[in-house]
Amino acid sequence: MRVRILHHDHCFDGAAAAAYFSRFLEGRFHPEAKFLFTGLAHKASDLFDDAMFDGDENAIVDFKYSPDPRLTWWFDHHQSAFLSLEDAEHFQRERSDKKMYDPHFRSCTNYIATMAREKWGFTAPDLDELVEWAEIIDGAQYPNAKAAVELGAPAMRLTLVIEGAKSHQMVERIIRWMRHRKLAEIDSEPAVQAAYGPLYERHLRAIDVIGQEAASHNGVIYFDLIDQDLEGYNKFIPYLLFPDSTYTVSVSMASFRTKVSVGSNPWAPEPPRHNLASICERYGGGGHPRVGAISFEKGDAESARRVAAEICEELSR
């Protein structure tokens, strides 16, 4: 039995969801299964490749829905879970008890754990720590911005490695370790430590760069990293630097896309008034009510900067 698990790549919750789902499937349905993990990224086009669904069973966790008939399992918790109205209607018509969606959950990992327990009686007490940290990290449940940026816990250091690893191989190794091991044990692995060192140096540089590039106006922080050779950053850095702000809008360049990121301050003096996923959906992106993103073709800085300026104006009103 070959099981292909497609998951949100370079994301702690995506990795944890893949690890927990594989434990569930192994423990409840297929004890001899061989698990194959593939990371998925939000791009301007072509999210899914037909060749991806090559398992005897195929699952997507913490990522958008696919109507492909070879998909047997799906779990997601993002407001923007469907690429089109047709995909949403396909999901509703199918009514599969193995394809589930609930945007009220903070993390996909906890959603999977909850459904596995309630529908199939499966529990994995040794993974309680993994579920707890997925809730903290994906739900931004830190006590303050300083704690979120300092990376004091093993799970937070693993998040830096998962988000910053250049290849999927490191992420896959961490997923396989997550299936049975404590996070502190994984954090102490030599391969993880070797990856963490330069990524932490880049993290410190990101704090300096964002401090130089960012400005706050009417509660909205804006910065442009396209020319900074800085792919990815800790999304709580802006709120450490501008604690009285409510929103962040940034533009950055990755190896496969140009990206507009939109976020809200979990510790803002005033609660956010805008649904950021809904705003991003208007431009072909999506996310959660408190955080979202929009992908453009690689190199399309002009479109990204134009959209970012429009969003900044809307949020600052």
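In which sense do strands β6 (residues 215-217) and β7 pair, and over how many bridges? The pairing is antiparallel, over three bridges, in a predicted model whose local features need pLDDT of at least 70 and whose side-chain atom pairs count only at pLDDT 80 or more, while totals for chains, interfaces and linings use all residues. Residues are numbered from 1 along each chain as its sequence is written, and side-chain values use heavy atoms, with hydrogens and water left out.

View 1. Helices (H or I, at least four residues) and strands (E, at least two) are DSSP runs numbered from the N terminus, and two strands pair if DSSP finds at least two bridges between them. β6 and β7 form a hairpin with two residues between them, and N218 in the turn has a positive phi of about 50 degrees. V220 in β7 is the bridge partner of H217, and V220 also has Y247 as its bridge partner in β8. With strand β8 (residues 247-253), β7 pairs in the parallel sense over five bridges.

**View 2. The open sheet of five strands.** The strand order is β2-β1-β3-β4-β5, with parallel pairing. β2 (34-40) and β5 (99-101) stand at the edges with a single partner strand each, so one side of each is left without a neighbour in the sheet. Strand β1 (residues 2-8) runs parallel to strand β3 (residues 57-61), to which five bridges join it, and R4 stands opposite N58 in β3.

**View 3. The contact of helices α7 and α9.** The axes (lines fitted to C-alpha atoms over the stretch in contact, with angles from 0 to 180 degrees between N-to-C directions) of α7 (residues 168-178) and α9 (residues 190-213) come within 11 Å and cross at roughly 135 degrees. α7 and α9 are therefore oblique to each other, a term for angles that are neither under 35 degrees (roughly parallel), nor over 145 (roughly antiparallel), nor 65 to 115 (roughly perpendicular). In this contact (heavy atoms within 4.5 Å), M170, R173, I174 and W177 in α7 meet A191, V192 and A195 in α9.

**View 4. The surroundings of E94.** E94 lies in helix α2 (residues 85-94). Leaving aside neighbours within four places in sequence, E94 is in contact with Y65 and K99, and the C-alpha atoms of E94 and P67, 27 residues apart along the chain, are separated by 9.4 Å.
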